[in-house]
Amino acid sequence: SPSGSDDPVYSTPAADLLRPETMDDLLRRGRDMLNGLGLDIAVSFVGLAFFGIPAAVHTYMWLYGRVLDLSIDNLTVQLERHGDHPHLILNINEVRWSPLPEQGRDDAVVQELTRLFRRTVNPVVEFAAARGGFKPDLIWNQFGARMVTVSDFVIQFSPDEEARQNYRKHLELLVDGLGPEVFNRRKNPYVHEPVYVESPYDPDKKVIVRSSCCMWYRRENGVKCYTCPILNDAKREEMKLKLREKSRERAK
């Protein structure tokens, strides 16, 4: 957000998250505001907030041909209360961008994304996981299905075929153009074969199963999501029937 929160309960320059005391403070606050049973849920949600950074930069690239500056030094991290859970907001200090070149654009896209991951996303993902006592896989493994969700949305609502083709080209650069070394991993986290299941609200629609658990159930009285990959088929079917019954009751 270029405007940030109107009423943050916490605020810090994003670059300060790479300091142990700052990251520890944010994770404790997140755990407590989420009523978490441990730091795993806080690590998950801090990391997922940073999923939005390359997603936004990638969008500006394919849609406008511009590189939006969401580098770590241009961001402020804020927490605000939102009912029974917090929102983590990335406030853009100064909205600025640079144009992608007409010649060698594909190479420029790969270079810009590589720089973004190595200087902004990777450090925070890895440090958040380390301070919580987890492997960064806790965060990275969620990126695959989330990007497929973004892709499904863009393809469905793009205004025309030219826009869809342009998006697919840029998505290929993100998924296939970046090697695993960009993420300090053995695999690009965006490489993912999606699995879909029947929607609990409409039997004619499908919803994507998450590529990894977001840890939402790791809170007081928490339950697994319908699309959680660690939910077994029997439990998912049971949940589907209950959700449909609630939906019918609300419709009466």
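Helices (H or I, at least four residues) and strands (E, at least two) are DSSP runs, numbered from the N terminus. The views below show a predicted model, in which local features need pLDDT of at least 70 and side-chain atom pairs count only at pLDDT 80 or more, whereas totals for chains, interfaces and linings use all residues. Residues are numbered from 1 along each chain as its sequence is written, and side-chain values use heavy atoms, with hydrogens and water left out.

**View 1. The open sheet of β1, β3 and β4.** Three strands make up this open sheet in the order β1-β3-β4 with antiparallel pairing, where two strands are taken to pair if DSSP finds at least two bridges between them. β1 (10-13) and β4 (85-92) are the edge strands, each with a single partner, so one side of each has no neighbour in the sheet. On average, neighbouring strands of this sheet are turned by 20° against each other, direction ignored; axes here are lines fitted to C-alpha atoms, for helices over the stretch in contact, and angles run from 0 to 180 degrees between N-to-C directions. Helix α1 (residues 20-33) packs on the sheet and touches β1, β3 and β4, its direction making about 20° with that of β3, with contact meaning heavy atoms within 4.5 Å.

View 2. Two residues lie between the strands in the hairpin of β3 and β4, where glycine 83 takes a positive phi near 65°. In β1, Tyr10 and Thr12 belong to the covered face, whereas Ser11 and Pro13 belong to the uncovered one.

View 3. Aspartate 24 lies in helix α1 and is buried, with a relative accessible area of 17%, where buried means under 20% relative accessible area, exposed over 50% and partly exposed in between (1.4 Å probe, protein chains only). The side chain of aspartate 24 makes a polar contact with the side chain of arginine 131 at 2.7 Å; a polar contact is a pair of N or O atoms within 3.5 Å, of which, within protein, one must be able to donate a hydrogen and the other to accept it, and residues adjacent in sequence count only if both atoms are side-chain atoms. Threonine 120, in helix α4 (residues 105-132), counts as buried at 2% relative accessibility, and its side chain reaches the backbone nitrogen of isoleucine 72 at 3.1 Å. Not counting residues up to four places away in sequence, threonine 120 touches Phe50, Ile53, Leu70, Ser71, Ile72 and Arg115.

View 4. Leucine 174 is found in helix α7 (residues 161-175) and is buried, at 3% relative accessibility. Leaving aside residues up to four places away in sequence, leucine 174 touches His58, Leu113, Phe117, Met147, Asn188 and Tyr190. The C-alpha atoms of leucine 174 and alanine 55 are separated by 10.0 Å, although the two residues are 119 residues apart along the chain. Phe117 and Tyr190 also belong to one aromatic cluster, together with Phe51, Trp140, Phe143 and Phe183. The structure holds twelve aromatic pairs, where rings of Phe, Tyr and Trp (its six-membered ring) pair if their centres lie within 6.5 Å, planes under 30 degrees apart counting as stacked, over 60 as edge-to-face and the rest as tilted.

View 5. Most residues other than glycine have a negative phi. Asparagine 35, in the loop between α1 and α2 (40-49), has a positive phi near 55° and is partly exposed at 36% relative accessibility. Methionine 215, in the loop between β7 (206-208) and α8 (233-251), has a positive phi of about 75° and is buried, with a relative accessible area of 15%. Arginine 219 lies over the face of tryptophan 216, at 4.0 Å from the ring centre, and lysine 224 lies over the face of tyrosine 217, at 4.5 Å from the ring centre; a charge sits over a ring if NZ of Lys or CZ of Arg is within 6 Å of the ring centre and within 35 degrees of the ring normal.
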